[in-house]
Amino acid sequence: MMHLRDGQATATVIHREAYTAPAFWIDTVDLSFDLDPAKTRVLNRMRLRRNPDVPAQALRLDGDELNLARVLVNGQGTSFKMDASQLVLENLPEGDAPFDLEIFTTCAPAKNTKLMGLFVSNDTFFTQCEAEGFRRITYFLDRPDVMSSYSVTLRADKKAYPVLLSNGNLLAQGPLEDGRHFAQWVDPHKKPCYLFALVAGQLVCREQRVTARSGKEHLLQVYVRSGDLDKTEHAMNSLRASIAWDEARFGLSLDLERFMIVATSDFNMGAMENKGLNIFNTKFVLANSATATDTDYANIESVVGHEYFHNWTGNRITCRDWFQLSLKEGLTVFRDQEFSQDLASQALAGDEAAAKSARAVKRIEDVRLLRTVQFAEDAGPMAHPVRPDSYVEINNFYTVTIYEKGSEVVRMMQTLVAPALTASGTVGGLAHTGQEGFAKGMALYFERHDGQAVTCDDFAQAIADANPGTALALYLPQFKRWYAQAGTPRVHAVGSYDATTQRYTLTLSQSCAASPGQEHKDPFVIPVQMGLLDHTGREVLASQLLVLTEATQSFEFHDLSVPDGQAPVPSLLRDFSAPVVLEMDFSPAQLLTLLAHDSDPFNQWEAAQRLYMQAALSAVRAEGEPNQVLDAALLDALRTVLRHPNMDAAFKELVLTLPAETYIAEQLDVVDPQRIHTVREAMRAQLAQALHDDWAWAFESHRENGSYQPDPVSSGRRALSGLALHMVCLHARNTADTHWPERALKCFDNAHNMTDRFNALSALVTSGNALATPALQRFYSLFSREALVMDKWFALQASAPDRGGNVLPVVRQLMQHPDFTLKNPNRARSLIFSFCNANPGAFHRSDAAGYVFWSERVLELDAFNPQVAARLARALDRWSKLAEPYRSAAHVALTRIAAKSDLSRDVREVITRALS
Ligand code: BES
Ligand code: ZN
């Protein structure tokens, strides 16, 4: 037990070490639902047996907000008691023989504002059971290691709920009395209860029959509200691509006759992998060229992929307990990242350089998320290992550490199962990347564990065992520290070159700061992909893999002949081969060489990021107005990139985008958000001014006129022309030029697709031009009936650059808008989260009004949706690094929330950790 401050609530802490196997198994579950929004009746008939490996004990079933009407054991009434929210049965039949348990309960889906369990959205029933929502539907052993066979009967009014769906195959359907009807579904696969789902309502679907490689036929369906059918093509294409990819890369086929995706506009998360019946936030399903941006299209592809890939990594093999969450989430994020990379490069098959660049673009985007959000988490009060040791509320542990860092850990395993390089230094093709060895490891994982609930250890062991002799197999116990130790390791690199012996020595040292509950860290196994360039940019040492396992290690490279005896330039951590901070004293000249010439596009981008960061940090530390933060050499190099005849546009857009304010903040011990904002804005203004003619050229020459396609090439062109338009409009603001804002307004009016339209609108809003106001109005009148587009409208206004504190009043005013509601998570995120999390210059106010607003919203949300409230509560995680007056003001706001006696467990845990 953890005792919280001032004798308030006492929260139970769950410990990984305390895991014990369940005392009972539930072999079959037969559920009948009489669906009614006010009062749904649930009959749950189970067949149980004692787990012979566990001492005999009472059966304790989890429940939450249920009304219990009846409990029968083998058809007879029985005694039971309640212990907090658990239903306890002490007088069950002894011995190993199975017995029947029947439980009849009711619940109130229409009143379910937490959106966990069975809830109603737009007159349609949905469920969300992961992690612990099934207990809000019926009493059960709500834990992932209890796997059962399900059969489900749904009954509801036929007119109001014509479509009745659940997991698996449709066995029967038909009419009942009083205008009701029923459907019976049977799932042929055993599953943990968190994968249960039902949907009932007025829905329409796009469907398609596909034949798998095996020759088996499958029915694919995407269900949406009528009126949204014209926005389902991309999701269906993404699903078909996902199925094909998992077969081709891992030999994993769809194991169901029918695979359904259903979209709902009220959803706490992005999407959920329920067996055969994925439920999605509309944001990750609905798209057409008029309403969705290129980013939306890309997100849909990766989320559809992600949930589909869970069918094997998560559903066929699931987690033993929730501490193993990264077993399914880290691995499945890795799979969806690889999927998106493969699709992007396949679209460019035939042009090797373009394909490589498209892979790098996706990698850079993923690393950017990891470094801005996960590195910050790993350095803050919520830091936890990829496999945590304890939690209070599991919903708080669906984090970027479990997901993004977890994916990096799997990626390192793939890298470390590449066969050792031969003396000649080359191993061709796939083997070189470890893809082949990793696929073998996955095959062994399924051979050993299909149908089981397992641990991260089981996964790592299978990958290593399938690849004897590789670095992973050699260092497995040490490698697993990535699961156990929190915090981002720092790798310090020092290089030296001896011109007479033609030797280059690279010394790498690693360290990792303390994190909550972990003072001391042992060395990690860190794969460092590297190469060497001479100072003219020619590669003098081809890419190779170093494996750092000690606190300090030196590596020597011989026979390096370089012009003029000038030291070679190291290109380290290529493709971001490990989730670490690389510290190296690069000179500006070295970075410019890497930016211009590195054969690894990730490190080209990284070189520009380092140059920006060096400039930003010295400007932040300097006194007075930032002025000419970027030097002439860097500006020239950036111009060369922008004008480069062969580089692709998406890559250029990434190189020409400055590091985020939050990422700059992470490099500092004391953070003045206003100072960082001022410096970054000055850098943007300088980029806009110095490259003005180049931006104008880039805008004109990258506009797409053909019909809209969300492919990597044309979306890259739109991204670059969009950035260019932002830059020329920004410059216009500083020079009172009217040409470009008028141009932007025209683009906005005449746009053929949402990407161009939104870029034009955003250019006007972010440059603070007066034309933004009529454009925002017109955007509203064009799209007021499109909820997902309205989310963009709210979000854009909430993330506009602050000018004299104007954003907060706008946000408060928008809360009064008839289209605003805090009850809808997407809408809450679009306005409130955009302001608190994505607009540091507006949120961190010296009058503390941003923090007051934040604390009010956390409390308001917590009263009906603790899960969403707890996400918002994390906006001030890093408060203790803030400079005054922000630090004290943030502390006051946190304390105000903490003082509330009836906080949810979710918010209580986040705030307690922040204040600890
Ligand atoms: N299993 C999760 C959904 C989930 C998350 C359920 C948290 C319960 C609590 C799903 O597979 C998932 O990871 N969804 C992500 C999107 C994904 C593409 C990373 C999400 O919802 O954010
Ligand atoms: Zn997932």
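This passage walks through a predicted model of one protein chain, from its overall build down to single residues.

Residues are numbered from 1 along each chain as its sequence is written, while chains are lettered from A and ligands numbered from 1 in the order in which they are written. Because the model is predicted, local features need pLDDT of at least 70 and side-chain atom pairs count only at pLDDT 80 or more, though totals for chains, interfaces and linings use all residues; side-chain values use heavy atoms, with hydrogens and water left out.

Along its principal axes, the C-alpha trace spans about 90 × 65 × 65 Å.

As for what is tucked away, 61% of the 916 residues count as buried. Here buried means under 20% relative accessible area and exposed means over 50%, with partly exposed in between, using a 1.4 Å probe and protein chains only. The chain exposes about 34800 Å², and carbon and sulfur atoms supply 49% of that; accessible areas come from the Shrake-Rupley method with a 1.4 Å probe, and for residues only the protein chains shown count as cover. Among contacts with a separation of 6 or more, 69% are between residues 24 or more positions apart, a contact being heavy atoms within 4.5 Å. On the charge side, the mean positions of the 90 positive and 109 negative charges are 4 Å apart. Lys and Arg count as positive and Asp and Glu as negative, leaving out His and the chain ends, and each charge is placed at NZ of Lys, CZ of Arg, CG of Asp or CD of Glu.

Lys405 belongs to helix α5 (residues 400-416) and is buried, with a relative accessible area of 1%. Its side chain makes a polar contact with the side chain of Asp378 at 3.0 Å. A polar contact is a pair of N or O atoms within 3.5 Å; within protein, one must be able to donate a hydrogen and the other to accept it, and residues adjacent in sequence count only if both atoms are side-chain atoms. Setting aside neighbours within four places in sequence, the contacts of Lys405 include Leu370, Gln374, Trp482 and Gln485.

Ser242 sits in helix α1 (residues 233-250), with a relative accessible area of 0%. Beyond residues up to four places away in sequence, Ser242 touches Val304, Gly305, Tyr308, Phe309 and Phe339. Asn826, in helix α24 (residues 825-838), is buried at 6%. Asn826 and Asp791 lie 35 residues apart in sequence, yet their C-alpha atoms are 7.0 Å apart. Asp791 is among the residues that Asn826 touches, and Ser265, Phe267 and Leu788 are on that list too.

Over in the strands, Thr106 is part of β11 (residues 99-107) and is buried, at 9% relative accessible area. Thr106 touches Lys39, Thr40, Arg41, Leu66 and Asn67, not counting residues up to four places away in sequence. Its C-alpha atom and that of Glu217, which is 111 residues away along the chain, are separated by 39 Å.

The loops hold some backbone details. A cis peptide bond joins Glu130 and Ala131, with omega about -5°, and Ala131 lies between β13 (124-128) and β14 (147-157). The bond from Glu884 to Pro885 is cis as well, with omega near 5°; Pro885 is in the loop between α27 (866-873) and α28 (886-898). Asp123 has a positive phi near 60° without being a glycine. Asp123 is in the loop between β12 (117-121) and β13 and is exposed, at 61% relative accessible area. Ala736 also has a positive phi, about 60°, and lies in the loop between α18 (712-735) and α19 (739-750). With 66% relative accessibility, Ala736 counts as exposed.

Notes: Helix = DSSP H or I, 4+ residues; strand = E, 2+ residues; numbered from the N terminus.
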